[in-house]
Amino acid sequence: MDETLTSEELVAMLTAIAHPLRLQVIAELAGGRVHVSELARRLGISRPLLYMHLDRLEKAGLVTGQLELSDDGKAMKYFELVPFEVRITAETVVRALAEDDGKDALQMEESDQ
């Protein structure tokens, strides 16, 4: 994630990783893609709870899921990490807010046309 994030995207990313269970999910997926049932077993949680956390991580762009069919025709969902780096500085926050301002200005120009 080298692009400049908006403040909304920055908050989504920080919120996504600001939970102990989601940090464990990231750690498990660091070893490679994992089937959701296996991931739930490793973490000792239910699949519905895991899906809730995976959804938050996916919306923040930190993981991606892919549905595949097994040999016997069962739908199997696999998740893997999207490469990312988190480094927060005052400049990161200022740039995110400036990105918001730039998008707000562009939206205003488009609505004037």
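Predicted model: local features only at pLDDT ≥ 70, side-chain atom pairs only at ≥ 80, totals over all residues.
**Exercise 1. Work out which salt bridges Arg42 makes, and which parts they connect.**

Solution. Begin with a general idea: side chains of opposite charge can pair when their charged atoms come close. Now take Glu28, whose salt bridge with Arg42 has its closest N and O atoms 3.2 Å apart. Arg42 belongs to helix 3 and Glu28 to helix 2, so this pair ties together parts 14 residues apart in sequence. Then take Glu38, which meets Arg42 in a salt bridge of 3.1 Å, N to O. Because Arg42 and Glu38 are four residues apart in helix 3, about one helical turn separates them. To finish, widen the view: Glu28, Glu38, Arg41 and Arg42 are linked in a network of salt bridges.

**Exercise 2. Find the residues with the most contacts inside the largest nonpolar core, then follow Leu50.**

Solution. The largest nonpolar core holds 23 residues, and those with the most contacts inside it include Val25, Leu39 and Leu50. Helices 1, 2, 3 and 4 each supply at least two residues of this core. Now zoom in on Leu50: leaving aside residues up to four places away in sequence, Leu50 touches Val25, Val36, Leu39, Ala40, Leu43 and Ile45.

Key:
Residues numbered from 1 in each chain as written. Heavy atoms only, no water. Core = buried A, V, L, I, M, F, W, Y, C linked by side-chain atoms within 4.5 Å. Buried < 20%, exposed > 50% of the residue type's maximum accessible area, 1.4 Å probe, protein only. Contact = heavy atoms within 4.5 Å. Salt bridge = Lys/Arg side-chain N within 4 Å of Asp/Glu carboxyl O.
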